[in-house]
Amino acid sequence: MSSAESVKGSKAYLFSIVLVAVIGGLLFGYDTAVISGAEKGLQAFFLQAKDFVYTDFLHGITSSSALIGCVIGSAFSGLAATRLGRRRSLILAGVFFFLSALGSYCPEFLFFRKGDASLSLLVAFNLYRVLGGFGVGLASAICPMYIAEVAPSNIRGTLVSWNQFAIIFGQLVVYFVNFLILGDHIVPAVEKLSSGIYAVMNPAEAEWSMSVGWRYMFVSEAVPAFLFTVLLFLVPETPRYLAMCGDEAKALHVLSKINGSAKAGEILASIRETVTEKKEKLFSYGYAVIFIGIMLSVFQQAVGINAVLYFAPRIFESLGMESPMVQTVIMGVVNISFTLLAILTVEKWGRKPLLICGSIGMAIGAAGVAFTSASASLPPVVAVVSIMVYSASFMFSWGPICWVLIAEIFPNTIRGAAVAIAVAFQWIFNFIVSSTFLPLYNMQLGSNPQFGHVFTYLLYGCICIAAAVFVWKCVPETKGKTLEDMTRLWKKR
């Protein structure tokens with residue numbers, strides 16, 4: 001380290017370790033969105049099974065099965081972050097990502113004949129997806145925690161927001177990868193025959209997509225997963241975790257490389273004040289901080305965004321779009337752009353204004369989709385634009401800012417356990433929303449086939465309004481505060 005870096009610290013060093021950490025966010029987005037391109041081929045594949053009927057309900061569960069692993073992984077993340085440390089927990093997540101990508105590509109490995117759809121193979125496939133979800137659950141909790149614990153307070157919000165940018169970038173990458181893999185091949189046409197029962201129309205035309213296409217989409221994740229796992233061996237453990245473990249020499253070394261030697265001593269002294277009681281109980285700072293963290297997570301999912309992201313091609317197809325994958329890629333570009341808006345403004349405007357504005361924008365977008373579905377006179381493009389508004393509003397607000405708040409709102413001594421609980425609730429509600437979206441979306445009232453479309457988006461719109469009120473009334477502003485300041489804030493309450 002040069003003499004200038006020893007005084008001011010090295011931004012290049014900080015950005016390099018944050019860059020490695022946000023690859024975990026990219027994998028988070030990649031793993032959860034890969035299903036959007038693969039789900040129709042996957043559905044057509046399992047509709048060929050002879051020993052069971054692959055219903056709408058089973059497809060909803062299969063499309064969302066990774067989220068079961070996300071719930072388990074996020075719940076386990078507190079224990080992992082405390083016992084293994086932040087860095088080794090992320091290495092474990094990388095291994096799960098890699099194994100899940102290979103297993104989802106060939107769930108028949110060792111036990112089944114390749115290409116023969118069956119109930120047992122469906123179970124095996126879902127277990128591999130759950131394994132990947134476990135990695136997502138770990139990464140979703142620990143990546144922002146890792147970044148928050150290494151970042152200086154004046155740019156912490158910006159750096160943690162880059163994790164959300166990586167999530168959305170991962171989704172955009174997989175949309176594009178799915179688009180390239182599909183190429184000129186025909187997506188299977190699946191039609192509903194009766195309640196919850198589907199059949200593939202003209203299966204010969206879509207044979208490649210049914211047998212091979214969805215496999216390539218899942219295995220493509222193995223490349224970034226391998227890169228993430230290897231690069232993690234080159235980054236340090238966070239100084240706050242090192243200090244809690246009593247290794248102040250290593251903590252000071254990392255802080256010095258990031259902040260400079262003089263500032264590092266001040267930060268370490270502040271950390272030392274807040275970690276003297278390492279084994280504080282979860283509710284040592286009251287119930288309010290835990291409740292707020294949980295509700296931030298609940299609202300981030302209950303607004304319905306992931307149902308739109310997971311089933312984007314199917315939604316655009318139902319709106320009459322001729323190239324739904326193209327609209328999905330466009331939506332990914334819009335999402336990236338508005339996530340950048342959050343990164344550029346989070347330290348200027350603060351967390352609460354962005355969350356409130358985003359909630360209102362999402363409510364307007366959801367209402368636009370609902371009204372378009374209810375009125376035959378409005379062209380489908382209005383619904384497409386409304387979905388873009390809905391998604392873009394999420395991307396500059398609840399997408400990145402929720403992760404920023406969850407990473408920084410909890411006191412040091414309970415952060416691992418509190419983040420684990422909050423993120424577990426996030427994945428529980430992600431699963432609830434994603435697994436219920438198709439049944440709600442396809443719901444009919446009498447002879448009205450659009451009833452489900454209208455009801456679903458009006459429901460999401462109402463939840464968006466409730467989210468805005470919650471943030472306004474209950475959530476403290478954390479802009480410019482150190483992690484140790486948050487400990488003092490909750491002690492006073």
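Start with the largest nonpolar core of this predicted model, a set of 142 residues. Select Phe46, Leu296, Trp398, Phe410, Trp427, Tyr457 and Phe470, the members with the most contacts inside this core. Then colour helix 2, residues 11-46, which gives the most to the core, with 19 residues.

Stay in the core and centre on phenylalanine 470. Which residues does phenylalanine 470 touch, leaving aside its neighbours within four places in sequence? The contacts are Phe291, Ile292, Met295, Leu296, Phe299 and Val475. Leu296 is itself among the core residues with the most contacts.

Go back to helix 2 and select tyrosine 13. Is this residue buried or exposed? Tyrosine 13 has a relative accessibility of 19% and counts as buried, because the cut-off for buried is under 20%. Not counting residues up to four places away in sequence, tyrosine 13 touches Pro236, Lys257 and Ile258. Draw a distance between the C-alpha atoms of tyrosine 13 and isoleucine 258: the value is 6.7 Å, for residues 245 apart along the chain.

Next, select helix 6, residues 156-182. From first C-alpha to last, this helix of 27 residues reaches 39 Å, close to the 39 Å expected at 1.5 Å a residue. Of its 27 residues, 21 are buried, so helix 6 is largely enclosed by the rest of the structure. Step one residue past its end to glycine 183, where phi is positive, near 55°.

Another positive phi is found at leucine 110, near 75°, this time in a residue other than glycine. To find leucine 110, look in the loop between helix 4 (86-105) and helix 5 (119-150). Its relative accessible area is 68%, so leucine 110 is exposed, the cut-off for exposed being over 50%.

Select Phe371, Leu378, Val381, Val382, Val385, Val389 and Leu458, which make a nonpolar patch of about 550 Å². Which helix supplies the largest share of this patch? Helix 17, residues 380-395, does, with 4 residues. An α-helix has 3.6 residues a turn, so residues three or four places apart point the same way. Leu458 of the patch lies in helix 20, residues 451-474. With a relative accessible area of 37%, leucine 458 is partly exposed, because that value falls between the 20% cut-off for buried and the 50% cut-off for exposed.

Definitions and conventions
Residues numbered from 1 in each chain as written. Predicted model: local features only at pLDDT ≥ 70, side-chain atom pairs only at ≥ 80, totals over all residues. Heavy atoms only, no water. Patch = residues over 30% accessible without salt bridge, like charges linked within 9 Å, V, L, I, M, F, W, Y side chains within 5 Å. Areas by Shrake-Rupley, 256 points an atom, 1.4 Å probe, with all protein chains shown as cover. Salt bridge = Lys/Arg side-chain N within 4 Å of Asp/Glu carboxyl O. Helix = DSSP H or I, 4+ residues; strand = E, 2+ residues; numbered from the N terminus. Buried < 20%, exposed > 50% of the residue type's maximum accessible area, 1.4 Å probe, protein only. Contact = heavy atoms within 4.5 Å. Expected span 1.5 Å × (residues − 1). Core = buried A, V, L, I, M, F, W, Y, C linked by side-chain atoms within 4.5 Å.
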